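Here is a short note for a colleague who is opening this structure for the first time. Please read it with the model on screen.

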Amino acid sequence: MNFTVGFKPLLGDAHNMDNLEKQLICPICLEMFSKPVVILPCQHNLCRKCANDVFQASNPLWQSRGSTTVSSGGRFRCPSCRHEVVLDRHGVYGLQRNLLVENIIDIYKQESSRPLHSKAEQHLMCEEHEDEKINIYCLSCEVPTCSLCKVFGAHKDCEVAPLPTIYKRQKSELSDGIAMLVAGNDRVQAVITQMEEVCQTIEDNSRRQKQLLNQRFETLCAVLEERKGELLQALAREQEEKLQRVRGLIRQYGDHLEVSSKLVESAIQSMEEPQMALYLQQAKELINKVGAMSKVELAGRPEPGYESMEQFSVSVEHVAEMLRTIDFQPGAAGDEEDDEVALDGDESNAGLEEERLDGPEGLH
């Protein structure tokens with residue numbers, strides 16, 4: 001269905017009121033702020049209820065207000081600028097109210113209730129019937145159209161519905177999808193932060209274990225130097241494998257967050273389109289994209305304890321004690337094979353010690 005835009009002159013008062021209304025829209029619910037309105041440290045505003053919804057989604061274990069358990073607070077990200085907001089034990093109830101915005105809302109509502117006798121509108125006009133406004137929506141073809149097209153034109157056999165009904169329905173669907181994506185983005189960001197901490201813990205634990213290995217190997221003789229190098233390589237390989245896996249997950253989550261954030265920005269810009277027909281031309285595609293993005297399943301996080309490197313601990317005290325007993329074997333004179341230094345002990349003890357030092361499996 002083709003149509004053109006027919007303009008009627010807009011008066012200054014109506015235009016100013018429309019601009020003011022856009023500044024009073026909450027980025028979460030996409031409706032006018034509902035009191036109380038809270039101001040974030042980044043100077044963006046939210047309905048306190050919406051701020052609490054985002055906060056609860058990012059901190060599912062946080063105790064709600066009124067609980068007998070004292071919580072240590074939490075954090076979430078501003079949906080407008082992604083600035084991290086750190087809250088105390090009062091949660092969103094500890095945020096300062098923006099009384100100025102609340103007063104502006106009251107004034108706006110009072111002014112909006114006054115009739116604007118000269119307020120004009122702009123309408124999309126049907127290209128096939130130039131004097132007809134676009135006022136219905138063809139459910140079969142999924143395009144806005146006019147009444148004459150339904151009666152005499154290309155949509156006479158189609159099922160139609162009032163334009164405002166479909167407008168409200170699709171706008172509600174997109175609003176719900178945006179809210180889900182915003183909450184999902186906060187959860188993804190929290191997971192990324194946790195995995196970055198896991199990387200730091202892996203590096204710290206690996207560094208500590210390397211120091212411990214070096215300190216213990218200093219007590220061993222030269223015959224253990226080669227074994228020490230092998231164990232350090234095994235630990236380094238394990239560290240690299242774990243870091244590669246976690247960093248790969250971080251990149252995957254980060255890519256998902258970037259794509260999802262861009263989609264949210266596009267959807268929010270579409271939500272600001274004042275013309276129903278223009279909005280509906282692109283709303284269906286956005287709704288499908290938002291729905292598909294919200295259903296994307298990301299790879300699982302590392303299992304609990306994944307960052308631990310305790311399996312690379314080595315106990316060498318008993319080995320050092322055995323090394324102190326090294327001596328020539330009795331009756332080894334003239335025997336070239338027995339003319340070497342050996343550990344004092346039977347073959348079973350020597351085999352046991354070899355198993356304990358044989359690779360990461362023998363570490364504890």
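The points below go from the whole chain to single residues.

1. **Basis.** This is a predicted model, in which local features need pLDDT of at least 70, side-chain atom pairs count only at pLDDT 80 or more, and totals for chains, interfaces and linings use all residues. Residues are numbered from 1 along each chain as its sequence is written, and side-chain values use heavy atoms, with hydrogens and water left out.

2. **Overall make-up.** The protein has 9 helices and 9 strands. Both are DSSP runs numbered from the N terminus: helices are H or I with at least four residues, strands are E with at least two. Of the 364 residues, 37% are buried. Buried means under 20% relative accessible area, exposed means over 50%, and partly exposed lies in between (1.4 Å probe, protein chains only).

3. **Surface and contacts.** The accessible surface is about 22000 Å², and carbon and sulfur atoms hold 49% of that surface. Areas come from the Shrake-Rupley method with a 1.4 Å probe; for residues, only the protein chains shown count as cover. Take the contacts between residues at least 6 apart in sequence: 65% of them join residues at least 24 apart. A contact means heavy atoms within 4.5 Å.

4. **Salt bridges in total.** How many salt bridges does a search of the whole structure find? The count is 10. Each needs a side-chain nitrogen of Lys or Arg within 4 Å of a carboxyl oxygen of Asp or Glu.

5. E303 counts as partly exposed because its relative accessibility is 42%. R245 is also partly exposed, at 36%.

6. K262 and E258 form a salt bridge, with their closest N and O atoms 3.4 Å apart. Why are they about one helical turn apart? They are 4 residues apart in helix 6, so about one turn separates them. E258 has 45% relative accessibility and is therefore partly exposed.

7. E285 is partly exposed, with a relative accessible area of 48%. K289 is partly exposed too, at 41%.

8. **A negative patch.** Which residues gather in a patch of negative charge on the surface? They are E127, E128, E130 and D131. Patch members have over 30% relative accessible area and no salt bridge; like charges are joined within 9 Å, and nonpolar side chains (Val, Leu, Ile, Met, Phe, Trp, Tyr) within 5 Å. Asp and Glu count as negative, Lys and Arg as positive; His and the chain ends are not counted. A charge is placed at NZ of Lys, CZ of Arg, CG of Asp or CD of Glu. E127 lies in the loop between strand 6 (123-126) and strand 7 (136-138). At 41% relative accessibility, E127 is partly exposed.

9. **Two buried residues.** Is G91 buried or exposed? G91 is buried, because its relative accessible area is 0%. G91 lies in the loop between strand 5 (84-87) and helix 3 (99-112). G91 and N52 are 39 residues apart in sequence, yet 7.9 Å apart in space, C-alpha to C-alpha. S260, in helix 6, is buried with a relative accessible area of 0%. Leaving out residues up to four places away in sequence, S260 touches L181, N185 and M293.

10. **Backbone points to check.** Most residues other than glycine have a negative phi, and most peptide bonds are trans. K35 and P36 are joined by a cis peptide bond, with omega about 0°. P36 is in the loop between helix 1 (12-23) and strand 2 (37-39). Q43 is not a glycine but has a positive phi of about 75°. Q43 lies in the loop between strand 2 and strand 3 (45-47), and is exposed at 55% relative accessible area. R82 is not a glycine either, and has a positive phi of about 65°. R82 is in the loop between strand 4 (74-77) and strand 5, and is partly exposed at 24%.
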